[in-house]
Amino acid sequence: MSLSNLSLAYQQLGQWSKASQAIAQSLNLLQTKQASEGITALTPILAQALDIQGRLQLAQGKAESALNTWQQAAAIYSEIDDKTRLIRTQINSAQAWQTLGHYRQAQKTLTEINQNLQNQPDSTLKATGLRSLGNVLRVVGDLEQSRKILQQSLEVATRIQGQSPQAISETWLSLGNTATAQQDTPAALNYYQQAARSTSLTTRIQADLNQLHLLLDDNQLTVAKGLASQIQTQIPNLPATRKAVYARINFAQSLMKLAARGVDGYEVKEIAQLLAMAVQQARDLQDQRSVAYALGNLGGLYEQTQQFSSAQDLTQQALILSQAINVPDITYRWQWQLGRLLKAQGDIKGAIAAYTESVKILQSLRNDLVAVNPEVQFSFRDEVEPIYRQLVDLLLQSEASSQPSQDNLVQARAVIESLQLAELDNFFRVACLEGRPIQIDSVIDQKDSTAAVIYPIILADKLEVILKLPQQPLRHYKIAITASEVERTLEQLRQNLLKPHTLQETRSLSQQVYNWLLQPVEKNLAKSQIKTLVFVLDGSLRNIPMAALYDGQQYLIQKYAIALTPGLQLLAPKSLSQQQLKVLTAGITEARQGFSALGNVAFELNQIQSEVSTKVLLNQEFTSKTFQKEINSILFSVVHLATHGQFSSKAEETFILTWDGRINVNQLDNLLRDPEKPNAIELLVLSACQTAAGDKRAALGLAGMAVRAGARSTLGSLWNVDDESTAELMSQFYGELITKQLTKAEALRQAQVALLKNPKYQHPIFWAPYVLLGNWL
């Protein structure tokens, strides 16, 4: 016992070789004694020694060994019925699961532990269990629940303040991390300031570093500079642990950002020394993952100062090491870095190869990507999305007059699709597209030879467009325009589309967008007798209804049926016939939960009922429970929801209103997908929803809703039109769909054109917001 406790003390001091020696001696003694004398009284001491050995292994970055050791300790505690220590060991095991990237397993373990702890009196153990669960919930994207559980942990820790003041600081730190993930910067800064009062230097520095990161994101450079000076004096005093290595790297990244923004006083040499120290410490710890991470960051610093050969050398060292120990969540970064360095030195072929590897790793990571090591600062916008865009840019580079090769076009298109999927995965925090998808090409080449697919992608200095026509090779064209100019035009157009008296301005802006996307291929579309345009839209283009694009004479919807799809793959189509058409409609007419009344919903649902037999749930009847019951009772081919809803770039803020609450986008999946009836819903209609105000990526929520519902096609609205026009459009849409047996896209086109011809509804505000996602047949 003395030896194992000595090991624990050495661990606190970061003296790893002494800590290893002491625990090895302790375990040796115990095992020898047990083998010769078989003393069962030693069993609890053996479990305690194993527990301490597990902590040592985890601190040194050996998560798998730690997990095995803790599982042995847990087996002993279970056998001798020591519940408290068993729970502590299970909490430790959950930490190892997290380090290995198995977040769902960690969540499962911790949820079970916390169910047992709820009835226990307050203790440090209870506070720790709740904190660990809160941390895992953050990583898997359940941010609201994470914050709630962490608040509980804080309350427990505060009530037993005397036992463990450190538990309070650690929980403040965790709350700061969750508030950061929720983009609640004021609360996060407050939490970090509380955590920075900790008695533990490591916790204080972590809180300050996270605060610094937020201040830089918020462009508060003066405050950031002051805080950086404070951290600079404290960081050399950190004990040599894995956390200290990451703290130095984290600090170096922030200093690089300060230097890049022209803040004085940050010499490259100083930052390089900080990173070299991190490399050395990681090597002393024999923690290969941290060595690879530190080396790659040092390479990144030299890239910033354009010392390309040193940068490339360090990046390749980091890459070889991270591949050898199989840590894809950092390997992809160094492949990307290598690609940038090769491009900067004019080796385009080598750059494409490195970028392609990076994207391949990202695709294999998918759902683990959002759950990468929490000590590694991670931002999808900064550290994943640019890789896809930069690779497309490289693939589409060509001499002024020549076209990129077909191979490059095919790969560029696949990369655009991968980015769409990655955005949805990041939105949901899990890999989201399952089912048996079919390739969009096979639909166009075999089933619908009158459809064409258009893939625009917004790059820093140009807008690239790839066009797929039936049974023809891919075509490509580009417009030299900066991303910020594209954004600005789209933002102005979106605002004008929502104002009823701006027809001239709206047409002029939408003609500009038409000229970018369609004017270069007008003749090709006419020659191929195209009737349907399918768009795979990128970025802010998703906020604009393509139907409203204007060619100077008429709107796009007057010439073509239009559909959107989030990628190259679709769920196989089925046509809707009147005999098999079973429709469930649900809606709310009265004001609920702070949302205004929807006066025209009853009229809309009556109009639909006059076209097709429906089951209606109105107002009080439309609760989550009754909705679920109806969905499970009959195989509905169409589900039509006329209720307030919101699409946002955050999954937790994407929802549909019911009488008694909200169905958020993740719950929709459980409600609409019945394992007994695979792919039952042919069409989901969301007629009174809108995209969140001021959220440029809100339309991602609509794509997310479409994917989550598992419907083959989703008809949604980009803004809410509470007007008779909605009822007219919907009635016409169902009529066209059933009586004329048209495709969904063509039925929607005819309904929109009928509305557009009515002088009352000429402005796109009335007829344009409706978009069809998924299968258009």
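**Close-up views of a predicted model**

**View 1. The end of helix α29.** Just after α29, Gly 710 adopts a positive phi of about 70°. The model is predicted. Helix α29 spans residues 699–709 and is mostly covered, with eleven of its eleven residues buried. The buried residues of α29 include Leu 700, Leu 702, Met 705 and Val 707. Arg 708 of α29 is buried as well. So are the glycines Gly 701 and Gly 704 of α29.

**View 2. Positive phi at two loop residues.** Most residues other than glycine have a negative phi. Gln 183 is not a glycine, yet its phi is positive, about 60°. The residue sits in the loop between α9 and α10 (185–195). Gln 183 counts as exposed because its relative accessible area is 60%, over the 50% cut-off. Asn 219 also has a positive phi, about 65°, and is not a glycine. Asn 219 belongs to the loop between α11 (201–217) and α12 (221–234).

**View 3. Helices α3 and α4 side by side.** Helix α3 (residues 43–59) packs on helix α4 (residues 63–79) at an angle of about 160°, and the axes are 8 Å apart. The angle makes α3 roughly antiparallel to α4, because angles over 145 degrees fall in that class. The crossing of α3 past α4 is left-handed. From α3, the contact takes in Thr 43, Pro 44, Leu 46, Ala 47, Gln 48, Leu 50, Asp 51, Gln 53, Gly 54, Arg 55, Gln 57 and Leu 58. From α4 come Ala 63, Ser 65, Ala 66, Thr 69, Trp 70, Gln 72, Ala 73, Ile 76 and Tyr 77. By class, the contact of α3 with α4 has eleven nonpolar, eight polar and two charged residues.

**View 4. Helices α7 and α9.** Helix α7 (residues 124–139) and helix α9 (residues 165–181) cross at roughly 15°, their axes coming within 10 Å. The two helices are therefore roughly parallel, since the angle is under 35 degrees. α7 and α9 make a left-handed crossing. On the α7 side, the contact is made by Arg 131, Asn 135 and Arg 138. On the α9 side, the partners are Ala 167, Glu 170, Thr 171, Ser 174, Asn 177, Thr 178 and Ala 181. The contact of α7 with α9 comprises two nonpolar, five polar and three charged residues.

View 5. Arg 147 is placed in helix α8 (residues 143–159). Its relative accessibility is 18%, so Arg 147 counts as buried, the cut-off being under 20%. Neighbours within four places in sequence aside, Arg 147 is in contact with Leu 175, Thr 178, Ala 179, Gln 182, Asp 184, Ala 187 and Tyr 191. The C-alpha atom of Arg 147 is separated by 34 Å from that of Glu 491, 344 residues apart along the chain.

**View 6. Two salt bridges at helix α20.** The structure holds 22 salt bridges. One joins Asp 538 to Arg 389, with the closest N and O atoms 2.6 Å apart. This pair links distant parts of the chain, 149 residues apart. Asp 538 lies in the loop between β5 (532–535) and β6 (561–564), and Arg 389 in helix α20 (residues 385–395). Asp 538 and Arg 389 are both buried. In another salt bridge, the side chains of Lys 462 and Asp 393 meet at 2.9 Å, N to O. That pair also links distant parts of the chain, 69 residues apart. Lys 462 is in the loop between β2 (451–458) and β3 (463–468), while Asp 393 is in helix α20. Lys 462 is buried, at a relative accessible area of 13%. Asp 393 is buried too, with a relative accessible area of 13%.

View 7. Arg 85 and Asp 82 meet through their side chains in a salt bridge of 3.1 Å, N to O. Arg 85 has 36% relative accessibility and so counts as partly exposed. Asp 82, at 19% relative accessibility, counts as buried.

Definitions and conventions:
Residues are numbered from 1 along each chain as its sequence is written. This is a predicted model: local features need pLDDT of at least 70, side-chain atom pairs count only at pLDDT 80 or more; totals for chains, interfaces and linings use all residues. Side-chain values use heavy atoms; hydrogens and water are left out. Axes are lines fitted to C-alpha atoms, for helices over the stretch in contact, and angles run from 0 to 180 degrees between N-to-C directions. Helices (H or I, at least four residues) and strands (E, at least two) are DSSP runs, numbered from the N terminus. Angles under 35 degrees count as roughly parallel, over 145 as roughly antiparallel, 65 to 115 as roughly perpendicular and the rest as oblique. A crossing is left-handed if the near helix is turned anticlockwise from the far one by less than a right angle, and right-handed if clockwise. Contact means heavy atoms within 4.5 Å. Ala, Val, Leu, Ile, Met, Phe, Trp, Tyr, Cys and Pro count as nonpolar, Asp, Glu, Lys and Arg as charged, and the others, Gly among them, as polar. A salt bridge is a side-chain nitrogen of Lys or Arg within 4 Å of a carboxyl oxygen of Asp or Glu. Buried means under 20% relative accessible area, exposed over 50%, partly exposed in between (1.4 Å probe, protein chains only).
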